[in-house]
Amino acid sequence: MSAKALTPATVPGYIASRPALRDLVDTESLDVQEVGDGNLNLVFICKDATGRCVVLKQALPYVRLVGPEWPMTEDRARREANTITAHTKVSPRHVCNLIDFDADNHALALEDLTDHEVLRTRLNDGGSHEDIFEQLAQYVADVAMGTSWYGVSEEDFRRAAAAAINPELCNITEDLIFTEPFLGGGRNEFPDSIAPVVDRLQADSEWIAAGMMMRHRFMSTQEAHIHGDLHTGSVFVRGTGAALSVKAFDSEFAFYGPVGFDLGLMWANILAAAVRAAMLGETDRSRRLLDAIGSSWKSFTARMRQNWKNRVTPEKYPDACLELWLAKILDDGLGFAGCEATRRTVGLAKLSDIETVPEDKYPTAATAMLTLGRSLVIDRSTRSFASYLEEMASTLGLHR
């Protein structure tokens with residue numbers, strides 16, 4: 001049976017009923033704001049008169065972005081709670097902490113990050129991105145090693161992978177990223193100005209086949225307990241330099257899948273920010289964003305090599321295994337980045353980075369995303385990483 005949805009009026013009483021929460025805020029002076037910017041859930045910021053705060057997140061029995069006509073399991077809240085716990089063990093610095101989980105009401109209480117801002121908001125406003133993507137890459141690496149069979153026993157890995165199965169949310173990913181943008185129909189929506197480009201893509205059998213093979217990789221690969229939705233809208237940031245804080249959140253799409261998927265989603269979102277900057281005439285900023293794709297990969301590989309030293313069975317897995325795995329992760333990451341770039345341009349849940357560029361620049365921005373997306377999906381196994389970065393720069397007119 002579905003739990004009753006919380007409201008701003010009922011939240012104070014709910015918090016007072018939870019032993020883990022009741023002493024964290026004064027429920028008598030609580031100001032509750034429902035922030036309806038998510039696609040799936042209810043989220044409440046609950047702050048008392050002294051400034052103490054608790055954030056509540058409740059899973060609805062449907063996809064909020066669409067409504068009750070798209071039912072969705074509320075068990076995703078439990079899965080997210082388990083993911084936060086698992087990721088906190090291996091990368092505590094980069095995870096939004098879990099305070100309480102209420103299985104009966106499918107509700108999570110999360111650490112107060114209201115002094116942070118969503119990374120996409122910062123990027124759209126022209127804010128600093130220095131060291132953010134490098135830290136996110138370290139988070140991906142810590143999760144990759146810490147939850148894979150290299151970081152735990154193979155038996156424990158199998159148990160954990162079985163417990164983290166997430167078929168309903170994976171099905172959303174499979175439809176929205178790998179099926180509808182490639183095969184058409186579904187929930188795709190885009191303006192007439194880019195229809196000819198989309199039509200050419202969806203008539204391109206080579207591109208479709210490559211995309212379906214990325215779908216195959218997503219569905220068949222169990223490497224680690226990945227975040228599953230690591231884009232710039234699911235990262236909180238605060239400060240810069242030594243004071244920088246980077247926290248991943250909204251991990252309800254998590255499951256045991258290909259490590260390159262998290263990197264690919266991050267890279268596609270960096271690309272979108274770079275495209276936006278180029279359309280606004282900020283060529284130096286656009287180039288620096290593209291450079292962050294390369295530096296994040298360097299950060300990822302450095303952390304992976306560091307973590308590799310602590311693998312649980314070094315006698316079974318020599319150093320050469322890591323190098324082969326890194327090559328496959330890079331190949332996956334490029335392909336998944338191409339799929340995400342396409343989906344975020346023509347499919348459901350688009351990126352404000354692209355959607356809010358000046359109207360006369362939109363066709364150029366969207367075409368750049370689709371053109372680069374196609375190249376990433378088709379050619380990833382035959383080209384160097386550096387050549388892709390050069391192609392991105394060239395496509396955006398960022399001649400070095």
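Phe-236 is buried, with a relative accessible area of 18% (buried means under 20%, exposed over 50% and partly exposed in between, with a 1.4 Å probe and protein chains only). The model is predicted: local features need pLDDT of at least 70, side-chain atom pairs count only at pLDDT 80 or more, and totals for chains, interfaces and linings use all residues. Residues are numbered from 1 along each chain as its sequence is written, and side-chain values use heavy atoms, with hydrogens and water left out.

**Aromatic pairs**

- A pair of aromatic rings is described by the distance of the centres and the angle of the planes.
- Rings of Phe, Tyr and Trp (its six-membered ring) pair if their centres lie within 6.5 Å; planes under 30 degrees apart count as stacked, over 60 as edge-to-face and the rest as tilted.
- The count by this rule is 18 aromatic pairs.
- The Phe-236 and Phe-249 rings are stacked, because their centres are 4.2 Å apart and their planes lie at 15°.
- Phe-236 belongs to strand 10 (residues 235–238) and Phe-249 to the loop between strand 11 (245–248) and strand 12 (255–257), so this pair ties together parts that are 13 residues apart in sequence.
- Helices (H or I, at least four residues) and strands (E, at least two) are DSSP runs, numbered from the N terminus.
- Phe-249 is also buried, at 14% relative accessibility.
- The rings of Phe-261 and Phe-336 form an edge-to-face pair, because their centres are 5.2 Å apart and their planes lie at 85°.
- Phe-261 is in helix 9 (residues 259–279) and Phe-336 in helix 11 (residues 319–346), so the pair ties together parts that are 75 residues apart in sequence.
- Both Phe-261 and Phe-336 are buried.
- One aromatic cluster is formed by Trp-149, Tyr-150, Phe-157, Tyr-256, Trp-308, Tyr-317 and Trp-325.

**Cavity**

- The largest cavity holds about 50 Å³ of space, where a volume is the space filled by probe spheres set on the grid points, which are joined across faces, edges and corners.
- Its lining consists of Thr-83, Ile-84, His-87, Val-95, Cys-96, Tyr-139, His-227, Ala-248, Phe-249 and Ser-251.
- Helix 2 (residues 76–90) supplies the largest share of this lining, three residues.
- By residue class, the lining comprises six nonpolar, four polar and no charged residues (Ala, Val, Leu, Ile, Met, Phe, Trp, Tyr, Cys and Pro count as nonpolar, Asp, Glu, Lys and Arg as charged, and the others, Gly among them, as polar).

**Positive phi values**

- His-106, although not a glycine, has a positive phi of about 55°.
- His-106 is located in the loop between strand 6 (98–102) and strand 7 (107–110), and is buried with a relative accessible area of 14%.
- Asp-131, likewise a residue other than glycine, has a positive phi near 75°.
- Asp-131 is placed in the loop between helix 3 (119–124) and helix 4 (132–147), and counts as partly exposed at 33% relative accessibility.

**Surroundings of Thr-147**

- Thr-147 lies in helix 4 and is buried, with a relative accessible area of 6%.
- A polar atom of the Thr-147 side chain lies 2.6 Å from the backbone oxygen of Val-143.
- Not counting residues up to four places away in sequence, Thr-147 touches Phe-157, Ala-224, His-225 and Tyr-256 (contact means heavy atoms within 4.5 Å).

Definitions and conventions
1 Å grid on protein atoms, 1.4 Å probe; cavity = no way out; pocket = protein on both sides within 12 Å on 5 of 7 lines; lining within 4 Å. Polar contact = N/O pair within 3.5 Å; in protein donor to acceptor, adjacent residues only side chain to side chain.
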